[in-house]
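Hi,

Here is the structure I promised to pass on.

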Amino acid sequence: MPCTDNHEDLSTCAHEEKSEYSIPMRPAATFLKNSVLTLARLSPFYLSRPHFLSVLYRLYYRLSESESNDGLYLKEGEQGLTSELEDFQNCVRKALTGIHESQLARRANSIAQKIERNRGLGNVGSLPTFWIIELADISPQRVRTPSPSFLDMLRFASHIRLLFRDSNTFTPVATEILDKASLFGCPWSAIIDATRCDEEMIAALLAWHPGEIIIDLSRAARSERDFHEALRRMETFKSRASFPRISWRLFLDRTTLWALEQLASREIPERWRTLHLYLARAYTPEEVSRSLFFSRRLVRELISAFQKSLVSKGWQILFGKPDRPEERQRQAERAFGTVHVRATGSYAPCVGNGGSDDLLSAWDSLEWKEYRRKVCVEGPFFDCPDCEISGSQDVFSVPYLLAAYERGVPSQEYIDAVRCEIDAIEDVSDAREINALVRDYEHKHAHVRLASYPHRMYIEVTDECNLRCPMCTQTVLSGPRRRISLETFSAVKPLLRYVELLHFTGCGETFLHPQILDMLEAVPHDQCKVRIITNGLLLDEATSRRLVELGLQDLWISLDATDAPTFQKIRGSKLFHRVLDNVRTLSRIRRELGSTFPRIALNFVAQRSNIEQLPAFVKLAHELGADAVNVGFLQVYTRALL
Ligand code: SF4
């Protein structure tokens, strides 16, 4: 295509160079790409052979990318997948599902999966390879018998993990699954509850030759007797040479933390010394009361000490490390390969996330595509509800521990339980830190019902005032003026331990309240910053002295002018010099008592009548001993203020 720009020297035209180079390539790429697609459509045989699949799939992607200026990834992120790509992926899916020989199916599937994972696309033609199947002791009506298609899909599995969540009985479902696993030559492992792990259960598992048995100690660790009994039972198997690899799993909360120390003191065979460690999440108010989140600093130290002690005895501890470099790869593998089958028969990307009753509808759902895309684009994300399996999140984060927060709006009971725990934290800075974490989380997720306490508080102790400044809402207020009682103030006192800034302000003069000094005495000035805004008229010597003695941090005095006429115009008062004298007195007392508090700031509401005085105002503030000048703008809400 000739360039339409009016160049004098065509040899300098970048457009010409680009067009000469790129245009002939496009039709060739498109032609080749269409040929690959036609071949895939007409002959699924090629896509069912691992080598052909690898070559054709890579070639197709490469050609699609070279055809697109934006690259395939952007096309998918912003506009959905291109139809050609989906067409090709459908061909891949069709070819894969047509393979009945399990080894071939696994190989072809893993090739397709690897290509898709490396390209980071959400839509996939490949099928899940890591199956985590939950077998819970729930009502028989809710347990689905695996459908033939479900069992057939296991031929693509590279590993099956049976999760005996509440029951260690071998249900017919487990038998059917393991029957298929053995038919397809698929390795498998089991997670079983230590409290129900008896000779009969172990014998049933061993009959199917598991690669690994993970003993979950979480329930047993709630009681010392159960814990020791479970370990003793397992120790009876340790002499059996043919026993599979054993590892342990423990969800830590206040009731199970002690078990870490106990494990370190037991004689566990060397090949059994692997521990999968997780922090238990709190789904219910009772679990909140057991959660380690509220003593996270102490817990971090304790866990790290226990970990060190276990590691020194040859244990391998698998505990969440969000900064692991391989985490991205691991999460991507999970997003593209792992499916969780719940006991209710639904399929989901992880234990916590949504799901659907149909495997392929779930696997091809928008949520799952978004999950894959997110992992590839953003890397590992640690506030994923995906909790029990990966153990890779920031294990001390709010979402990890306060699980109900991820299930929508937590109940009032849950919120009360969280508050109760925050209140029970003795150290104020720890309590504030936890409160801030919960608050930030609630803010980020736009929660409307909050468990966190406010960290800033504005109190209007009275709406009466001894002035009627024309720019103040006092001029439009009507009706009797009010004062808050000491009882009302006492009611908010418990919250003050979380408050970083307590601001006495509002539409009224704070020092008109006869008990303001009593209120100030009740405030922990060393823990929270207290600020008062005043017109300065009532700031007599005694009050000033008391403020300095109390350690009040900020006193902002509204002055707005450098001379009496302007002061009278803006603040409607002839007492300009009284305010100046009061500021001088406060500065003097502060000096006499050797304090730098309260920091004095003079307020200046900039408007036509005073704006030219601003430089002189700063000078005046300095002469009066003030530390700062606050300049604000006039809010115009009446015609007179225009
Ligand atoms: S002193 Fe403050 S509260 Fe009182 S009228 Fe003036 S601006 Fe309003």
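This is a predicted model: local features need pLDDT of at least 70, side-chain atom pairs count only at pLDDT 80 or more; totals for chains, interfaces and linings use all residues.

Strand β3 is covered on both faces: Trp-188, Ala-190 and Ile-192 on one side and Ser-189, Ile-191 and Asp-193 on the other are all buried. Buried here means under 20% relative accessible area, exposed is over 50%, and partly exposed is in between (1.4 Å probe, protein chains only). That makes six buried residues out of six for this strand, which runs over 188-193. Helices (H or I, at least four residues) and strands (E, at least two) are DSSP runs, numbered from the N terminus. In a regular strand the side chains alternate between the two faces of the sheet.

Residues are numbered from 1 along each chain as its sequence is written, and side-chain values use heavy atoms, with hydrogens and water left out.

Back to β3 and its partners. Strands count as paired if DSSP finds at least two bridges between them. β3 pairs in the parallel sense with β2 (residues 159-163) over four bridges, and Leu-163 has Ile-191 as its bridge partner in β3. With β4 (residues 212-216) β3 has five bridges, again parallel, and there Ala-190 stands opposite Ile-213. The chain gets from β3 to β4 through helix α10 (residues 199-206), in a right-handed β-α-β crossover; right-handed means that, with the strands pointing away from the viewer, the path from the first strand over the helix to the second runs clockwise.

β10-β11-β12-β13-β14-β15 is the order of an open sheet of six strands with parallel pairing. β10 (456-459) and β15 (628-633) are at its edges with a single partner strand each, so one side of each has no neighbour in the sheet. On average, neighbouring strands here are turned by 20° against each other, direction ignored. (Axes are lines fitted to C-alpha atoms, for helices over the stretch in contact, and angles run from 0 to 180 degrees between N-to-C directions.) β10 and β11 (residues 501-504) pair over four bridges, with Leu-501 of β11 as the bridge partner of Arg-456. Helix α26 (residues 614-624) packs on this sheet, touching β14 (599-606) and β15, and its direction makes about 160° with that of β14. Contact means heavy atoms within 4.5 Å.

On to the cores, each being a set of buried Ala, Val, Leu, Ile, Met, Phe, Trp, Tyr and Cys residues joined through side-chain atoms within 4.5 Å. The largest has 121 residues, and Trp-131, Ile-160 and Trp-248 have the most contacts inside it. Apart from it lies another core of 47 residues, including Leu-502 and Phe-617.

Ser-573 sits between α24 (564-571) and α25 (576-592) and, at 5% relative accessibility, counts as buried. A polar atom of its side chain lies 3.0 Å from the backbone nitrogen of Leu-575. Leu-512, in the loop between β11 and α22 (516-521), counts as partly exposed at 23%. Its C-alpha atom is 7.5 Å from that of Thr-462, 50 residues apart along the chain. Beyond its neighbours within four places in sequence, Leu-512 is in contact with residues including Thr-462, Arg-483 and Leu-538.

Cheers

Definitions and conventions: A polar contact is a pair of N or O atoms within 3.5 Å; within protein, one must be able to donate a hydrogen and the other to accept it, and residues adjacent in sequence count only if both atoms are side-chain atoms.
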